[in-house]
Amino acid sequence: PSKATDLEKKIPLPSSFADFVLAFNLFEHINNELKLALEVRRILKAGGVFYAVTPFLKEIHADPNDFFRLTPSAWQELLKMTGFKNIFITPIAFGPLIACYSLFQNICPKILLLFLYPVCWSLDWLLLKLRPSWKNIFLLGVFITASK
């Protein structure tokens, strides 16, 4: 049987225990991301890998709390500061209209979304042909890998 763990405290695992740690849609719900990153590094074996996905442009979704969103450069600094290496931050993004769509998808009627998504995607595709750099500006989330 599994047991809930308070990730705001010490993770109840021995040091150098895990080959990898997965944290999907978790860090935005932690008040002290520095402390948790240090704990993740502590429980990883030498050469162990940390994988994470976090939202960036997403409505507040308390579970029970929702504290912050880190930019790719903030993730880079946090992981360097906590001793990680081989840090790769991959933006999950497309364009400005899909970014807007992501904020409206939880409040719009489903039938409207069926129409909006292809329109937003198509217009973004055209916009990104003109302004390719926008792909990394309208961030929906980030995928992170780093090793101990």
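This is a predicted model: local features need pLDDT of at least 70, side-chain atom pairs count only at pLDDT 80 or more; totals for chains, interfaces and linings use all residues.

## Basis of the description

Helices are DSSP runs of H or I with at least four residues, and they are numbered from the N terminus. In that sense Glu-77 and Lys-80 both belong to helix H2, where three residues, about one turn of the helix, separate them.

## Helix H1 and what covers it

Helix H1 runs over residues 33-43, and its buried residues are Leu-36, Ala-37, Glu-39, Val-40, Arg-42 and Ile-43. The cover over these buried residues includes strand S1 (18-24), strand S2 (44-55) and helix H2 (72-81).

## Salt bridges

Six salt bridges are present in the structure. One of them joins Lys-45 to Asp-19, with 3.4 Å between the closest N and O atoms. This pair connects distant parts of the chain, since Lys-45 lies in strand S2 and Asp-19 in strand S1, 26 residues apart. Lys-45 has a relative accessibility of 33% and therefore counts as partly exposed.

The salt bridge between Glu-77 and Lys-80, whose closest N and O atoms are 3.3 Å apart, is formed inside helix H2. Glu-77 is partly exposed because its relative accessible area is 44%, and Lys-80 is likewise partly exposed, with a value of 48%. A further salt bridge is the one between Glu-59 and Lys-58, in which the closest N and O atoms are 3.0 Å apart. Here Glu-59 has a relative accessible area of 26% and so is partly exposed, while Lys-58, at 31% relative accessibility, also counts as partly exposed.

## Aromatic pairs

A pair of aromatic rings is described by the distance of the centres and the angle of the planes. The structure has six aromatic pairs.

Another edge-to-face pair is made by Tyr-101 and Tyr-117, with 5.3 Å from centre to centre and 65 degrees between the planes. This pair also links distant parts of the chain, for Tyr-101 is in helix H3 (residues 96-104) and Tyr-117 is in helix H4, 16 residues apart. Tyr-101 counts as buried because its relative accessibility is 12%, whereas Tyr-117, at 39%, counts as partly exposed. Returning to Phe-27 and Trp-75, these two residues form one aromatic cluster together with Phe-50 and Phe-84.

## The largest pocket

The largest pocket has a volume of about 170 Å³. Its lining is made up of Thr-5, Asp-6, Leu-7, Glu-8, Leu-26, His-29, Ile-30, Asp-63, Pro-64, Asn-65 and Phe-67. By residue class, the lining divides into five nonpolar, three polar and three charged residues.

Leaving aside residues up to four places away in sequence, His-29 touches Glu-8, His-61, Asp-63, Asn-65, Asp-66 and Phe-67. Asp-63, which is placed in the loop between S2 and H2, counts as exposed because its relative accessibility is 61%, and exposed residues are those over 50%.

## Separations along the chain and in space

Asp-63 and Val-49 are 14 residues apart in sequence, and their C-alpha atoms are 26 Å apart in space. For Pro-118 and Phe-56, which are 62 residues apart along the chain, the separation of the C-alpha atoms is 22 Å. Pro-118 itself is located in helix H4 (residues 110-130), and with a relative accessible area of 40% it is partly exposed.

Notes: Residues are numbered from 1 along each chain as its sequence is written. Side-chain values use heavy atoms; hydrogens and water are left out. Buried means under 20% relative accessible area, exposed over 50%, partly exposed in between (1.4 Å probe, protein chains only). Helices (H or I, at least four residues) and strands (E, at least two) are DSSP runs, numbered from the N terminus. Contact means heavy atoms within 4.5 Å. A salt bridge is a side-chain nitrogen of Lys or Arg within 4 Å of a carboxyl oxygen of Asp or Glu. On a 1 Å grid over the protein atoms alone, a cavity is a set of points where a 1.4 Å probe fits but cannot get out, and a pocket is an open set with protein on both sides within 12 Å along at least five of seven lines; lining residues have an atom within 4 Å of a point. Grid points are joined across faces, edges and corners, and a volume is the space filled by probe spheres set on the points. Ala, Val, Leu, Ile, Met, Phe, Trp, Tyr, Cys and Pro count as nonpolar, Asp, Glu, Lys and Arg as charged, and the others, Gly among them, as polar. Rings of Phe, Tyr and Trp (its six-membered ring) pair if their centres lie within 6.5 Å; planes under 30 degrees apart count as stacked, over 60 as edge-to-face and the rest as tilted.
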